[in-house]
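Hi,

Here is the structure I promised to pass on to you. Have a look at it first, then read my notes below.

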Amino acid sequence: MGVTTAAERAEAVRLRQRFLDLGAQNVDCAILQPAETLLDLYGEDIRARTYVTQDPSRGEVMLRPDFTVPVVQMHMETGAAPSRYTYCGEVFRRQEDHPERPAEYFQVGYELFADDDPAQADAEVFAVFADALAGYDLRAVTGDIGILTAAVMALEISEPRRAALMRHIWRPRRFRALLDRFSGRAPLPPSRKALLKDAKTVATAPMIGLRSEAEIAARVAALRADAAEGPLCRSQVQLIDALLAVRETCSFALEHLHDIAVDLPGLVPAVNRFEQRCNALAARGIDVSALEFEASYGRSSMEYYDGFVFGFVPAQRPDLPPIATGGRYDALTQRLGGGRAAPAVGGVIRPGLLLQLEGVA
Amino acid sequence: MTIKLGVPSKGRLMEKTFDWFGARGIGLARTGNEREYAGAVEGIEGVDLVLLSAGEIPRELAAGRIHLGVTGTDLIREKLVQWDQKVEPLAELGFGQADLIIAVPACWIDVNTLDDLDGAAAAFRAAHGFRMRIATKYHRLVREFLRQGGVADYQLVDSQGATEGTVKNLTAEAVADITSTGETLRANHLKVLEEEPVLRSQATLFRSRNAPLAGADREALRTLTKMLRV
């Protein structure tokens, strides 16, 4: 600790200048953001991590927890691909479980919106961060949420089950519970068994509330169809397990994923994309034979990333959170754009944390 | 200085608390007229009775303005972040038992578990275009419980009273509230999910970890806890 706000701001401005020098365009974003957009994207959980307040005329507003959403909105309204943006400013995070952590700190970002060649875009953004952080004792970790989603898309299961798994990609425990249920590893709760056995589909209790009789009947029908489907093959679950366990250098991870893809051919395009990214990173001077890859990296904490993800973790300071994080968020742009996507990849550095490290930069 | 003991200022909770202390040789009583919140302590020196709303007792304990306080576990957990660093539970008093539970309309024959609630929430959002509303005043506890349970596509709406009526009034689809017998829920055509409750609560005597203790106070607190056998 002991980093003053003035020092943190100066460091943030220095880093932003680096990104400006690379040709990124500066973006200023409002601190007060409409809460509804963020709540709809991330769900109720985000309230526990952000400051939400009530405005009599604007409704619920939120102190910006990050810049990604306003930057995407700005780009969708005015920008054309390719565009490179940078920004620096405070973000605000409630720290209920860790009151010792700062609730207000600076972020400096670099975001790239590019329609063509995602591998090149991923590699450019990673290299920009690796460059800016060269000279600090940091361990870089990469991952790819797109490989897990590709595996789920390739599973031999019904569409409702696939949709349920896709919906919980970012909730590892719930995802696991669903897999256990679908594969028959976890038994049905007694109440579900009773419901499936009972021929009647209408309640004896009076209908109250907004959820209609038809909606209830539709879900009962869906549960019956699910029960009739039969278990997901264990070998398919094992492929997901094997995939999630991949944790090695990029070069070995690539070999390993190619092996898994032999049994799950639907995975091939995603593994090829990973390979193209590795090549693009190597072409930018990144040593992929030393760069770490974890298939499950970013799954629980980086919910809007749906492809490449990365983090820079202080090697000697396990007490500190990652100094920089980033990734690809194509699906987020699609949801904010009402169906129109703007493929994007980017990341942020926390200058306040950087100042706590011994650097030679 | 004196030891300050915070007790709920009205109703059954106050009376039962007075009985509990009385059974251990400490007489607590309200003084003055019916509307005046003043109290007296008999049977021990150096202890003051502070009558407060049960909902304010967690805050007063955390701030160290009272040394001891009687309130529900539910209120301590909901209102105090890192509650165990601010207060220490000394004794469960054996009354005021209530569970914080999640309840849905009894006509939802397809929803009995958290897993069902999540599935129904996904379908509800797709059909209605907004996240399923759960009415409660226990925002932090319920949100954490649902997060652990992997429930998505819901929203909490604030309800400070008559929560069981929100479903019928179409301001919520489900509720999370305190119940002891479940009678009010049944009367409002709601059923409790077949899960462990979000929290089991009862009236509990807490000690503040933040209240300053001078020499004589320390002695008074020791005498008091000895008499209370806590």
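**What I found**

To start with chain A: the centres of its domain 1 and domain 2, taken over C-alpha atoms, are separated by 39 Å. Keep in mind throughout that this is a predicted model. If you want to find those two domains of chain A yourself, domain 1 is made of two stretches, 1-115 + 344-361, and domain 2 covers 156-233.

**Where the chains meet**

How many residues does each chain bring to the contact between A and B? Chain A gives 29 residues and chain B gives 31 residues. On the chain A side, the elements that supply two or more residues are helix 7 (172-182), helix 8 (190-197) and helix 9 (213-229). Helix 9 of chain A has the largest share, with five residues. Sorted by class, the chain A side that touches chain B holds 14 nonpolar, 11 charged and four polar residues.

Most residues other than glycine have a negative phi.

- Asp153(B) is not a glycine, yet its phi is positive, at about 60°. You'll find Asp153(B) in the loop between helix 5 (139-148) and strand 9 (154-158) of chain B.
- Arg229(B) isn't a glycine either, and its phi is positive too, at about 55°. Look for Arg229(B) in the segment after helix 7 (215-228) of chain B.

Is each of them buried or exposed? Asp153(B) has 21 C-beta neighbours inside 10 Å, so it counts as buried; the cut-off for that is 20 or more. Arg229(B) has 7 other C-beta atoms within 10 Å, so it is exposed; that label applies at 12 or fewer.

Cheers

How values were computed: Residues are numbered from 1 along each chain as its sequence is written. Chains are lettered from A and ligands numbered from 1 in the order in which they are written. This is a predicted model: local features need pLDDT of at least 70, side-chain atom pairs count only at pLDDT 80 or more; totals for chains, interfaces and linings use all residues. Two residues are in contact if their C-beta atoms, placed from the backbone, lie within 7 Å. Helices (H or I, at least four residues) and strands (E, at least two) are DSSP runs, numbered from the N terminus. Ala, Val, Leu, Ile, Met, Phe, Trp, Tyr, Cys and Pro count as nonpolar, Asp, Glu, Lys and Arg as charged, and the others, Gly among them, as polar. Domain bounds come from an automatic or database domain assignment.
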